Amino acid sequence: MATMADVARSAGVSVATVSHVLNGTRPVLPHTRQAVLDAVEELGYTTNTLARSLVTSRTRSIGLAVSAISNPYFTEILQGVEASALEHGYSLLIADPHDDPEHERKVVQLLHERRVDGMIVAPSADPRGLLAYLGRHDVPAVFLDRLVDAPAADGGPRFDQVCADNAEPTSRLVAHLAGLGHRRIGLVAGRPGLSTTSERITGYRSGLAFAGLPYDERLLVHGDSESAGGEQATAALLSLGVPPTALVTGNNAMTIGALRALRARGLSVPGDIALCCFDDFAWADLFSPRLTVIAQPSKDIGAQAVRVLLERLAEPDRPARTVRLPSAFVHRTSCGCPEEPTRSEHPEQPQQSVQSAQSARAAQSVQSAQSERGTVA
């Protein structure tokens, strides 16, 4: 196996120059750099990452703990993380915490024992063990998708966090349905304790309020962020004495469950009940009717999380921050609107429809509430 010294002899340069070319630690003249790269190619040299990590105390690896196997949404995020990590010369170690707090702490410990330089984690509904481990070992970490209320001494966030907008887009879905004449709008909410769940509930209630509709606690049922839970929650809503005429589902898995429950009762969408969903997915445009959804920028969230983590590694003492990326309203036909070309609208863009005034008012309400809570955009 070729060594760095072999490359240096072949290129007619010093071992230090080869190191600078391969590691990007110092500028090298273009013709010298090319000579080194040609020698690397000719000799088939590969970097000894283990030896380099012993010298630099860095492995150029990132640990990713997300429930990618059980949640298709996180699969897209994983693609964004992987592409960005590779672009910056980092490898990826992946573990699935299965949204279980105890398993979450164990897999984070295993990743840490593999000496990853930092971690990207989608925290569970009870992240106390996770927070304790990361804090005790001073592990550079970015929380993904789900926010954690763990303030630092100065009152700001203790960890970097990257997520999408949740409250305002959910409010937009409710306002859209209310503008179509619906007065009983149900919500199949996610797992209690997750920030995504609480923020989407906030948006749901805000949308109702600004549409002039009362909040009825019976119309809000938790589906535990899973398909089976979504099916059970939808069945419960349909069993009410006066069931909803429209549904908002809190994620893609629960949308599948809701559709199963509707089919089991012989109900059509949107003929018998209108449906709007949080999360777009590959086949949402293939359903009949096509699903009206809020589309999160999944791959961008993953890529941004990598960038934030690398900034943390470069500047360990800088203040932590929370980054929110805008979601898009994708207007199709499951809401009961007539067929029209698919369009995506960011929350900041007004909808050119009869629902625009209600949606805009709901958006302003949620944005004001987030501002009061000190949300960092």
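Q: Two strands count as paired if DSSP finds at least two bridges between them; in this predicted model, what makes β4 and β5 a pair?

A: β4 and β5 pair in the parallel sense over 3 bridges, and since the rule asks for at least two bridges, the two strands qualify as paired.

Q: Why are β2 and β11 called the edge strands?

A: The open sheet has 6 strands in the order β2-β1-β3-β4-β5-β11, with parallel pairing. β2 (91-95) and β11 (322-325) each pair on one side only, and are therefore the edge strands. Neighbouring strands of this sheet are turned by 20° against each other on average, with direction ignored.

Q: How many aromatic pairs are there, and why is the pair of F143 and F159 called tilted?

A: With ring centres required to lie within 6.5 Å, the count comes to 3 aromatic pairs. One of them joins F143 and F159, at 4.9 Å centre to centre and with 45° between the planes. Planes under 30 degrees apart would count as stacked and those over 60 as edge-to-face, so an angle of 45° leaves this pair as tilted. F143 lies in strand β4 (residues 141-144) and F159 in the loop between β4 and β5 (160-164), so the contact ties together parts that are 16 residues apart in sequence.

Q: How do you know whether F143 and F159 are buried or exposed?

A: Buried means under 20% relative accessible area. F143, at 1% relative accessibility, counts as buried, and F159, with a relative accessible area of 9%, is buried as well.

Q: What makes the pair of Y204 and Y215 edge-to-face or stacked?

A: Y204 and Y215 have 80° between their planes and lie 6.5 Å centre to centre; because an angle over 60 degrees counts as edge-to-face, this pair is given that name. Y204 lies in helix α9 (residues 195-210) and Y215 in the loop between α9 and β7 (220-222), so the pair ties together parts that are 11 residues apart in sequence. Y204 is buried, with a relative accessible area of 0%, whereas Y215 has 34% and is partly exposed, a value between the limits of 20% and 50%.

Q: Which charged residues lie over the rings of F278 and Y215?

A: The charged end of R200 sits over the ring of F278, at 3.8 Å from its centre, and R205 lies over the face of Y215, at 3.7 Å from the ring centre.

Key:
Residues numbered from 1 in each chain as written. Predicted model: local features only at pLDDT ≥ 70, side-chain atom pairs only at ≥ 80, totals over all residues. Heavy atoms only, no water. Phe/Tyr/Trp six-rings, centres within 6.5 Å; stacked < 30°, edge-to-face > 60°. Helix = DSSP H or I, 4+ residues; strand = E, 2+ residues; numbered from the N terminus. Buried < 20%, exposed > 50% of the residue type's maximum accessible area, 1.4 Å probe, protein only. Lys NZ or Arg CZ within 6 Å of the ring centre and 35° of its normal. Axes fitted to C-alpha atoms, helices over the stretch in contact; angles between N-to-C directions.
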